[in-house]
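This report goes through one protein chain, from a single residue to the overall dimensions. The sequence and coordinates come first.

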Amino acid sequence: MDSGLTGYKWVVLEEKNKAPEDILKKFGKVIGQLLYNRKEIFDNNFEEDNIYPTLKKLLDPQLFNDLDRISYELASVIKSKKRIVIYGDYDADGITSTSLLVNFFKEIKADVRYYIPSRFYEGYGLNRSAIKKIAQMSDVLIVVDSGTNAYEELLYAKKLGLKVFVLDHHEAKEEILEEEHIYILNPKLHDKINPLFKHLASVGITFYVIIMLRRLLDLDIKLKPYLDIVALGTVADVVPLSLINRILVQKGIEEINKKRRVGLKALLDYLSIDKVTSFDVGFVLAPRLNAAGRLDDAKKAVKLLTTKDESKGRQLSIELEVLNKKRQKLTELAFKESQVKLKKEKNIKSIVVADENWHPGIVGIVAGRLAHQYKVPAVVLSVKNGTAIGSVRSTGNINIYKIMEENADLFDRFGGHTLAAGLTMPSKNIEKFKEILIDYVSSLKEEDKVSFIEVDMEVPLSYWTPENVEKLKILEPFGEGNPYPKFIARGLRIDDFMTVGAGNQHLKFWFKDIDGKAYPALWWGSVGFFKKLSVGMNVDIIYTPKLSTWNGDTGVEFIVEDIKIN
């Protein structure tokens, strides 16, 4: 198995599972293999009406366990003109779920307000202080993107007289609360449910509730315009883009490009984005929504997605951009400081780093970068007044959530998934957690610790014309479970290369392919490999092709992911 300068093992999907001849003949060698590599998201059905997402393919809400019952109760609340408060989370899924309900309830003239806790003063999930305030101003509490495991808080809300609903997609830590009149809609609480529903982000679950409410209330309103918000939250929360999510995201991006939502149009105009792609949603729009909750107040992002005022939309767009730039600077500083701390350690098997000056809103991003660079689980903690707030990112087949569950007594609170989690803990427990993590990783088999780059197939650079790159759009939208295609080009010669960009952090190459032509390529953030490379070297590369426009001409550029020296 090949591996490159990054240390990642190269897994070529075509070699493991070559597409049948009928698919290659129907779609061509490259597109056919790419479709076959993603057969799970197409449910092994390669008919064209299954490949191209349509709203008619959405699974019927009747198949969603508990949806009928819970939507009926919610419909009765709306008919009774009860006062509603939506309690959201401060990440993009929580922000979009909140915004979706606020917009919908306002359109149908329901009495609605919303509350999003502060990441810094209240932390993740429900808290009693907030519930007490909400009980004084409303009759109904709808919790989105959290709440499944908040048993005591949900019972407290009910005790204060609130009718309580939870729309969530997080795993239950233990047997779910069986309490009458607390209505929890979470597909992960059901074994006998179509697994595609389990892939929904909270914003997708919320959209299904809206579909059912329209039926129950016999509303004459269009729901398609709401899909722009659904696409934002689904992509940002990195849920698998299997059938339902793929449809929601594809049609949602179409809605985003219609620019009908005032705040979203303002943000796109401010960023000079003409036509949005799934890449823009994940790497341009979502980080700006998240920046509000990471560094300031997530309500700014909700206001952007709910405002009808153009000038307010422009102002909020500017504020989110300022916050995002601040987030980038703080992240870069913390990442560099964490690397300095790690220089003191030998044979790094897992990473636990903490600092009093790191902003709690950026620790997750730093943990992700450290895990990627060092290929081991990484915990990054912001410490203040004896309490550490942090994020964990894992690698390989290491189930980080399982480790935390087995040592729950170390934490004040924690939550997350197999490869990513958040936590709050007394700072005195940091070293103990570090020891446990190192011991656990050390006990694993090597194959469980190995990190891979999955590559679709081998294709020479010379294959790619603008027309062939354009054909890749059949696979969109790209995201979790459907990554942008990666290819290997072998036997290239480095014709020339140089450092480029701010701080000379990136490398620009000219690779000579089998046709004798030199093709330009960029490798972001790779200056650390500069001294290992030289002109004339024979190399293999992992790359992705992208369309680029310069002076009105459209060409192809190549983005390098790894290089193997032959």
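Glu557 has a relative accessibility of 30% and therefore counts as partly exposed, since that class lies between the 20% limit for buried and the 50% limit for exposed. The model is a predicted one. Glu557 belongs to strand E18. Leaving out neighbours within four places in sequence, the contacts of Glu557 are Thr544, Pro545, Lys546, Leu547 and Ser548. One of these, Leu547, is ten residues from Glu557 in sequence, with a C-alpha to C-alpha distance of 6.2 Å.

Strand E18 spans residues 553-565 and runs parallel to E16, to which two bridges join it. Across this pairing, Leu522 has Ile559 of E18 as its bridge partner. E16 (residues 518-523) also pairs with E15 (residues 506-512), here in antiparallel fashion and through six bridges. Leu507 is bridged to Trp523 in E16. E15 and E16 make up a hairpin, with five residues between the two strands. In the turn, Gly516 has a positive phi of about 85°.

| Strand pair | Direction | Bridges | Bridge partners |
|---|---|---|---|
| E15 and E16 | antiparallel | six | Leu507 and Trp523 |
| E16 and E18 | parallel | two | Leu522 and Ile559 |

Ser99 is part of helix H6, which covers residues 92-107. Is Ser99 buried or exposed? Its relative accessibility is 0%, so Ser99 counts as buried, the limit for that class being under 20%. Apart from residues up to four places away in sequence, Ser99 touches Ile229, Val302, Leu305 and Thr306.

At the level of the whole chain, there are 21 helices and 18 strands. The radius of gyration is 24 Å, which agrees with the value near 24 Å for a compact globule of 566 residues. Along the principal axes, the C-alpha atoms fill a box of roughly 75 × 55 × 50 Å. Buried residues make up 53% of the 566. Among contacts with a separation of 6 or more, 65% involve residues 24 or more positions apart.

Key
Residues numbered from 1 in each chain as written. Predicted model: local features only at pLDDT ≥ 70, side-chain atom pairs only at ≥ 80, totals over all residues. Heavy atoms only, no water. Helix = DSSP H or I, 4+ residues; strand = E, 2+ residues; numbered from the N terminus. Rg over C-alpha atoms; globule rule 2.2 N^0.38 Å. Buried < 20%, exposed > 50% of the residue type's maximum accessible area, 1.4 Å probe, protein only. Contact = heavy atoms within 4.5 Å. Pairing = 2+ DSSP bridges.
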